[in-house]
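Visitor: Could you take me through this structure, one feature at a time?

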Amino acid sequence: AIQSAALSLAPEEFDASRKMACMLAQQSLGQISEDQYGERVHTILDGFDEAERDNILAQAVGYFGGLLFSNTADTAEKSTVRLEQFVSSSTCSSDYRKVTLSL
C-alpha cells in the first residue's frame with residue numbers, strides 16, 4: 001500500500017509539490033535566501049506526515065530536475081532561462097484572485 005501511495009498525490013500534496021518546485025527554482029536563481037527557503041519549507045510541509053512529505057519533495061525535485069536537465073545539449077544559460085520563465089509563470093503565482101467561482 002505504501003508503494004501505491006507514492007504513485008499519486010492528493011490535491012493538497014500536489015499543491016505543496018508545486019510550491020516546493022517554485023521555491024527550488026527561486027533559490028537556484030538566488031531570489032530567496034537560505035533562511036527564507038528554510039522558513040517556507042516548514043510552512044509548506046507543515047501538517048503533512050513523513051510519507052506525504054517524502055512524496056511532495058520527490059515530486060518537486062523531479063520537476064525541478066526536469067527544468068534543469070531536460071536536454072543534455074542545454075547550456076547553463078538555457079536552464080537559467082527555463083527557471084526564470086517557470087518562476088514568473090502562473091504556476092508559481094500565489095495570486096489566488098485569478099480563481100473564478102461559478103454559482
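Guide: Let us begin with a salt bridge, a side-chain nitrogen of Lys or Arg within 4 Å of a carboxyl oxygen of Asp or Glu: the side chains of Arg18 and Asp15 form one, at 2.5 Å from N to O. This is a predicted model, in which local features need pLDDT of at least 70 and side-chain atom pairs count only at pLDDT 80 or more, while totals for chains, interfaces and linings use all residues. Residues are numbered from 1 along each chain as its sequence is written, and side-chain values use heavy atoms, with hydrogens and water left out.

Visitor: Where do Arg18 and Asp15 lie, and how many residues apart are they?
Guide: Helices are DSSP runs of H or I with at least four residues, strands are runs of E with at least two, and both are numbered from the N terminus. An α-helix has 3.6 residues a turn, so residues three or four places apart point the same way. Both Arg18 and Asp15 belong to helix α2, and their separation, about one turn of the helix, is three residues.

Visitor: Is Arg18 buried or exposed?
Guide: Buried means under 20% relative accessible area, exposed over 50%, and partly exposed in between, with a 1.4 Å probe and protein chains only. Asp15, at 25%, counts as partly exposed, and Lys19, at 32%, is also partly exposed. The relative accessible area of Arg18 is 19%, so Arg18 is buried.

Visitor: Which residue does a disulfide join to Cys22?
Guide: A disulfide is counted for a pair of cysteine sulfur atoms within 2.5 Å, and by this rule there is one disulfide. Its S to S distance is 2.0 Å, and it joins Cys22 to Cys92. The pair links distant parts of the chain, 70 residues apart, with Cys22 in helix α2 (residues 11-28) and its partner in the segment after α5 (76-88).

Visitor: How far apart are the end C-alpha atoms of α4?
Guide: The expected span of a helix is 1.5 Å times one less than its number of residues. For the 19 residues of α4 this should be 27 Å, which agrees with the distance between its end C-alpha atoms, 27 Å.

Visitor: Is Asp46 buried or exposed?
Guide: Asp46 is placed in the loop between α3 and α4, and its C-alpha is 10.0 Å from that of Ala16, although the two residues are 30 apart in sequence. With a relative accessible area of 58%, Asp46 is exposed.
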